[in-house]
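Thanks for coming. I will show one structure today and walk through a few of its local features.

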Amino acid sequence: MKHPKITVVTVCYNAAAEIASTMRSVLNQSYDNLEYILVDGASKDDTLDIIQKVCAEFPSADITVRSEPDNGIFDAMNKGIELATGDWINFMNAGDMFADANAVRDFFHIADLTPPNDIIYGDTILKYPFGCYYKDCKPKHAANITWCHQSLFARVSLMKRMRFNVRYKYNADHNFIVQSQKQGSRLVYFPRVVACYKDYDGFSTLNTCKRTIDTYEIEGWPKDWRYYYLVVRNFIQSTFHIRSFRGNLEARKLQSVEANTRLRRIADVVPWW
C-alpha cells in the first residue's frame, strides 16, 4: 500500500545558527514519501547559503526553496501551504527538529487516518537551559487538550481550504484548530514522540502575552480584568523592549517545570542538539 505523501514546511528568517540542524532532522527521516519546503523571508545573513549546502547533501530529496519578504511567520507558513503537494502537512520551523530519524514513519504507522481525523498529533520533547523534558500530550479530558504544532500533522486539503488567519499574528495556529473543529474536523492524539523544540526563546514563548490576547478573541472569552492586565503588560513590554520570555522563564524555574504533571525529565541534554 502506498504511504500518504507528507509535506514538511520550514519557515525561517536570519536563522543561520539553526537552519542546518532542522533541515537534517527532516531530510534524514526514514519515511519514504516526503517532500520538504523551505520558505525563507529574504534572510540577510548566511541562511540561504547554508540551505543550499545542506540541500546538496541530499541530491535525491524532494526539496523546494522559496525566498522572499513576508508579513510574519503565519504568512510564510501560508506560502508553504500554497506550495504543498502532499496529503498531510507539518510545520517544523527553524530551530525545531524531529525527535529521531523514524519519527514520521512510526507516527504514521500507528495513526488512524480515517476522516474526520483531519488533524493528528503526538508527544513532544521540550528543551530548557536546565534539561530536557518529555511532554505527554495525551488529553486528560475534552477541555484539557495540549498540542504543539511541531508534533502535529493536518490534511493538506483542509489547510488549503482554511489557511492561517494572519489577523492573529501570534496564535493563528490555535485559531486554525478551533475553526477546523467547528467545521467537523477531529483533533486526535497518538502516543509517539514526534518533535523537539526549545521552550524558552522561540516565537511563541517570546510573545506569550500577545498569544493570550489573541486567544481571548479566538475563544470568545469575556474580556475581564485578566484580559486588560495582559493588554497593559504587553504595552509595557513593547514600550520598554522587555522580552516576554525573561519574566516567563523566571516564573518557570526548575521546580515549577518539574511540578508540571505532563513533563518528565529525560536528560540534561538531548544528543542531537
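Which residues of α6 are buried? They are A172, D173, H174, N175, F176, I177, V178 and S180. Buried here means under 20% relative accessible area, exposed means over 50%, and partly exposed is in between, using a 1.4 Å probe and protein chains only. Helix α6 covers residues 172–182, and because 8 of its 11 residues are buried, it is largely enclosed by the rest of the structure. After α6 comes G184, with a positive phi near 105 degrees.

Before going on, the ground rules. This is a predicted model, where local features need pLDDT of at least 70 and side-chain atom pairs count only at pLDDT 80 or more, while totals for chains, interfaces and linings use all residues. Residues are numbered from 1 along each chain as its sequence is written, and side-chain values use heavy atoms, with hydrogens and water left out.

Now the overall numbers. The protein has 11 helices and 10 strands. Those are DSSP runs numbered from the N terminus: H or I over at least four residues for helices, E over at least two for strands. Of the 273 residues, 49% count as buried. Contact means heavy atoms within 4.5 Å. Among contacts between residues at least 6 apart in sequence, 80% join residues at least 24 apart.

The buried set is F74, D75, A76, M77, N78, K79, G80 and I81.

Next, a helix pair. Two packed helices are described by the angle between their axes and the distance between the axes. For α1 (residues 19–27) and α2 (residues 47–57), the axes come within 10 Å and cross at roughly 25 degrees. That makes α1 roughly parallel to α2. On the cut-offs, angles under 35 degrees count as roughly parallel, over 145 as roughly antiparallel, 65 to 115 as roughly perpendicular, and the rest as oblique. The axes are lines fitted to C-alpha atoms, for helices over the stretch in contact, and the angles run from 0 to 180 degrees between N-to-C directions.

Which residues make that contact? From α1 they are I19, A20, M23, R24 and L27, and from α2 they are T47, I50, I51, V54, C55 and E57. They divide into 8 nonpolar, 1 polar and 2 charged. Also in α2 is D49, which is partly exposed at 47% relative accessible area.

S43 sits in the loop between β2 (34–40) and α2, and S43 is buried, with a relative accessible area of 13%. The side chain of S43 makes a polar contact with the side chain of D40 at 2.4 Å. A polar contact is a pair of N or O atoms within 3.5 Å; within protein, one must be able to donate a hydrogen and the other to accept it, and residues adjacent in sequence count only if both atoms are side-chain atoms. A polar atom of the S43 side chain also lies 2.7 Å from the backbone nitrogen of N14.

N14 itself is in the loop between β1 (6–12) and α1. N14 is not a glycine, yet its phi is positive, about 50 degrees. At 34% relative accessibility, N14 counts as partly exposed. A42, in the loop between β2 and α2, likewise has a positive phi, near 65 degrees, in a residue other than glycine.

Two strand residues next. N90 lies in strand β4 (residues 88–91). Is N90 buried or exposed? N90 is buried, with a relative accessible area of 0%. Its side chain reaches the backbone oxygen of Q150 at 3.0 Å. A195 is in strand β9 (residues 186–198) and is also buried at 0% relative accessibility. Not counting residues up to four places away in sequence, A195 touches M92, M97, F98, A99, D123, T124, I125, Q150 and S151.

Last, a backbone detail. The peptide bond from P115 to P116 is cis, with omega near 5 degrees. P116 is in the loop between α4 (103–110) and β6 (117–128).

Definitions and conventions: Ala, Val, Leu, Ile, Met, Phe, Trp, Tyr, Cys and Pro count as nonpolar, Asp, Glu, Lys and Arg as charged, and the others, Gly among them, as polar.
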